[in-house]
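Please keep the sequence and the 3D view open while you read.

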Amino acid sequence: MSSSPTSAPTLQPVADIAAPENRTGAGSETPYPPVQRPRRLRRTDALRRMVRETVLTVDDLIYPLFVMDGEGQQQEVPSMPGCFRYSLDLLLAEVKTASDLGIGAIALFPLIPPHQKDNAGTESYNPEGLIPRAIRAIKQAVPQMLVITDVALDPYSSAGHDGIVKAGQILNDETVAVLVKQALMHAEAGADIVAPSDMMDGRVGAIRQALDAAGWINVGILAYSAKYASAYYGPFRDALDSAPQFGDKKTYQMDAANAREAIKEVELDIAEGADMVMVKPALAYLDVIGRIKQHTNLPVAAYNVSGEYAMIKAAAQQGWIDEQKVMLETLTSMKRAGADVILTYFAKAVALALQA
Ligand code: PBG
């Protein structure tokens with residue numbers, strides 16, 4: 001009962017050498033001075049920068065780009081404001097712009113017209129197809145840009161699935177054989193890294209063996225290891241007109257409820273020769289990114305997918321959030337969770353924001 005504010009230990013005021021703003025505390029008036037004051041390290045921008053644990057840089061980013069046939073074409077994706085499908089000529093200009101902003105890597109996704117789609121995705125390994133032409137053109141125009149290609153059938157599949165369909169089933173091993181042809185063709189065209197996003201079993205090993213056998217020992221594999229059957233891919237499927245024509249992707253993409261299974265997939269992909277592993281989507285799976293990071297010393301990539309992009313854009317358009325701040329906070333959270341590399345449609349906006 002006798003304890004009163006005046007009985008607290010007396011603090012001696014320090015000599016008057018500190019800047020006045022460092023002495024805003026109550027000093028000897030303080031009734032219960034805490035031993036630790038974490039706020040000390042948050043006081044100024046210089047202090048906050050000094051103790052910052054996670055720094056997002058343009059080096060972390062991979063810029064996904066949609067490419068289409070034609071000339072002088074630039075079509076905004078309605079559900080992805082600020083993202084376009086580019087014909088090859090304009091794609092090159094966009095890649096140059098990205099490079100000038102310091103972005104070092106792009107990931108290519110093709111819009112394939114319906115008449116070129118079939119069940120076996122044969123257009124996916126046409127050496128004169130859109131993607132090999134795009135790779136060659138980019139490597140000629142912007143040689144320093146790292147070119148990553150998506151290896152999957154869905155943009156080429158009349159069924160909109162990542163595999164060959166038979167009696168309503170997605171065939172695994174027959175699909176892997178096609179993916180191998182696709183990956184070899186990308187390597188031949190000059191891709192630096194191929195990124196299988198199909199979730200067929202055994203595809204990383206099959207692609208690695210085929211690349212090595214053909215002499216492409218330095219072409220890397222970025223494996224979409226923990227790719228979930230996610231509703232966040234909706235806007236991407238609008239962009240490529242690649243939505244499944246029946247059913248969903250739950251027999252090959254992962255169940256959103258599973259995290260241990262993500263580790264299993266990562267272990268398999270590493271054993272099969274993956275150079276980097278990916279978690280996709282990112283925002284709703286930060287725990288998975290964190291767990292995989294603890295499990296492997298390989299670089300971990302996170303895909304900030306189309307639906308995550310669209311949500312931020314939509315809320316910002318309504319004036320409900322500050323787009324740039326939410327973008328940077330969101331991408332920083334992915335890096336903090338453990339991502340070394342982030343695929344994001346915001347790549348240019350991030351580069352600009354970080355330059356400012
Ligand atoms: C295709 C693929 C998809 C995405 C990347 N590669 C869609 C899907 O699996 O249905 C989604 C990317 C995004 O939503 O931004 N295999």
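A polar contact is a pair of N or O atoms within 3.5 Å. With that cut-off in mind, look at Lys280, where an N or O atom in the side chain is 3.2 Å from a nitrogen atom of the ligand. The model shown here is a predicted one, and the points below are grouped by topic.

**Around the ligand**
- The ligand has 18 residues around it, and those that come nearest are Lys227, Arg237, Lys280, Ser306 and Tyr345.
- In the side chain of Arg237, an N or O atom is 2.7 Å from an oxygen atom of the ligand, while a polar side-chain atom of Asp154 lies 3.2 Å from a nitrogen atom of the ligand.
- On its own the ligand has 400 Å² of accessible area, and the protein covers 100% of this area.

**Two packed helices**
- Helix α8, which spans residues 286–295, packs against helix α10, residues 323–337, at an angle of about 30 degrees, and their axes are 8 Å apart.
- Angles under 35 degrees count as roughly parallel, and α8 and α10 are therefore described as roughly parallel to each other.
- On the α8 side the contact is made by Leu286, Ile289, Gly290 and Lys293, which meet Ser333, Met334 and Ala337 in α10.
- Sorted by class, the residues in this contact of α8 with α10 are four nonpolar, two polar and one charged.

**Backbone details**
- The peptide bond that leads from Lys280 to Pro281 is cis, with an omega near -10 degrees, and Pro281 is found in the loop between β10 (276–280) and α8.
- Ala167 is not a glycine, although it has a positive phi of about 50 degrees, and Ala167 is found in the loop that runs between β6 (164–166) and β7 (169–171).

Technical notes. Residues are numbered from 1 along each chain as its sequence is written. This is a predicted model: local features need pLDDT of at least 70, side-chain atom pairs count only at pLDDT 80 or more; totals for chains, interfaces and linings use all residues. Side-chain values use heavy atoms; hydrogens and water are left out. Axes are lines fitted to C-alpha atoms, for helices over the stretch in contact, and angles run from 0 to 180 degrees between N-to-C directions. Helices (H or I, at least four residues) and strands (E, at least two) are DSSP runs, numbered from the N terminus. Angles under 35 degrees count as roughly parallel, over 145 as roughly antiparallel, 65 to 115 as roughly perpendicular and the rest as oblique. Contact means heavy atoms within 4.5 Å. Ala, Val, Leu, Ile, Met, Phe, Trp, Tyr, Cys and Pro count as nonpolar, Asp, Glu, Lys and Arg as charged, and the others, Gly among them, as polar. A residue is near a molecule or strand if one of its heavy atoms lies within 4 Å of it. A polar contact is a pair of N or O atoms within 3.5 Å; within protein, one must be able to donate a hydrogen and the other to accept it, and residues adjacent in sequence count only if both atoms are side-chain atoms. Accessible areas come from the Shrake-Rupley method with a 1.4 Å probe; for residues, only the protein chains shown count as cover.
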